[in-house]
Amino acid sequence: KKVITELIAGPKQRNLRPTIPPGTHLLSLTVKDDTAYVNFSKEFQTNHWGGPSREAQTIDSVLLSLTHISNIKNVQFLIEGKKVKTLAGHVSIDEPLSIPISSTVR
């Protein structure tokens, strides 16, 4: 939870951009087997900047941060407790993800 809380807080340096949309809250985070279920508030989607590269940055920041924890291999994104098809229309997040998606977005 601390990792996601830090991502939500955003960078401390002025020349860096946040990857998590403003107003986003972590509602819950549970780990079952090797999958982290990360449940964000609706602002994760409604306040997102849009665009394929920003969407990839948001998803990758969560994926890479959580999969560096030894028992987590996959991340399932949830918004208000539900699976959604995409975050901002470009990347499918309705199934658990395990690799940085920026390598698959063109």
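Modeller: Start with a side chain: that of Ser41 reaches the backbone nitrogen of His25 at 2.8 Å. A polar contact is a pair of N or O atoms within 3.5 Å; within protein, one must be able to donate a hydrogen and the other to accept it, and residues adjacent in sequence count only if both atoms are side-chain atoms. Before going on, note that this is a predicted model, in which local features need pLDDT of at least 70, side-chain atom pairs count only at pLDDT 80 or more, and totals for chains, interfaces and linings use all residues. Residues are numbered from 1 along each chain as its sequence is written, and side-chain values use heavy atoms, with hydrogens and water left out.

Biologist: Where is Ser41 placed, and which residues is Ser41 in contact with?

Modeller: Helices (H or I, at least four residues) and strands (E, at least two) are DSSP runs, numbered from the N terminus. Ser41 falls in the loop between strand 2 and helix 2 (43-46). Contact means heavy atoms within 4.5 Å. Leaving aside neighbours within four places in sequence, Ser41 is in contact with Gly23, Thr24, His25, Leu27, Ile79 and Glu80.

Biologist: Does Ser41 count as buried or exposed?

Modeller: Buried means under 20% relative accessible area, exposed over 50%, and partly exposed in between (1.4 Å probe, protein chains only). Ser41 has 3% relative accessibility, so Ser41 counts as buried. Over the protein chain, 38% of the 106 residues count as buried.

Biologist: How many helices and strands does the protein chain have?

Modeller: There are 3 helices and 3 strands, and along the sequence they follow the pattern α-β-β-α-α-β.

Biologist: What radius of gyration does the protein chain have?

Modeller: The radius of gyration is taken over C-alpha atoms, and the globule rule is 2.2 Å times the number of residues to the power 0.38. For 106 residues a compact globule would have a value near 13 Å, and the protein chain agrees, with 13 Å. Along the principal axes, the C-alpha atoms fill a box of roughly 35 × 30 × 25 Å.

Biologist: Which residues touch the most other members of the largest nonpolar core?

Modeller: A nonpolar core is a set of buried Ala, Val, Leu, Ile, Met, Phe, Trp, Tyr and Cys residues joined through side-chain atoms within 4.5 Å. The largest one here has 21 residues, and Val62, Leu66 and Phe77 touch the most other members. Helix 1 (2-9), strand 2 (35-40), helix 3 (52-67) and strand 3 (74-79) each supply at least two residues of this core. Helix 3 gives the most, with 4 residues. As for Val62, residues up to four places away in sequence are not counted; beyond those, Val62 touches Ile4, Leu7, Ile20, Phe40, Val75 and Phe77.

Biologist: How many aromatic pairs does a search of the whole structure find?

Modeller: A pair of aromatic rings is described by the distance of the centres and the angle of the planes. Rings of Phe, Tyr and Trp (its six-membered ring) pair if their centres lie within 6.5 Å; planes under 30 degrees apart count as stacked, over 60 as edge-to-face and the rest as tilted. The search finds 3 pairs. In one of them, Phe40 and Phe44 have ring centres 4.0 Å apart and planes at 10°, so the pair is stacked. Phe40 and Phe77 are also stacked, at 6.5 Å centre to centre and 20° between the planes. Phe40 lies in strand 2 and Phe77 in strand 3, so their pair ties together parts that are 37 residues apart in sequence. Phe40, Phe44 and Phe77 form one aromatic cluster. Phe40 is buried, with a relative accessible area of 0%; Phe77 is buried at 1%.

Biologist: What sits over the ring of Trp49?

Modeller: A charge sits over a ring if NZ of Lys or CZ of Arg is within 6 Å of the ring centre and within 35 degrees of the ring normal. Over the ring of Trp49 sits the charged end of Arg54, 4.0 Å from the ring centre.

Biologist: What is phi of Asp33?

Modeller: Most residues other than glycine have a negative phi, and most peptide bonds are trans. Phi of Asp33 is near 55°, a positive value in a residue other than glycine. Asp33 lies in the loop between strand 1 (26-32) and strand 2, and counts as exposed at 71% relative accessibility. Phi of Glu80 is likewise positive, near 55°; Glu80 is in the segment after strand 3 and counts as partly exposed at 42%.
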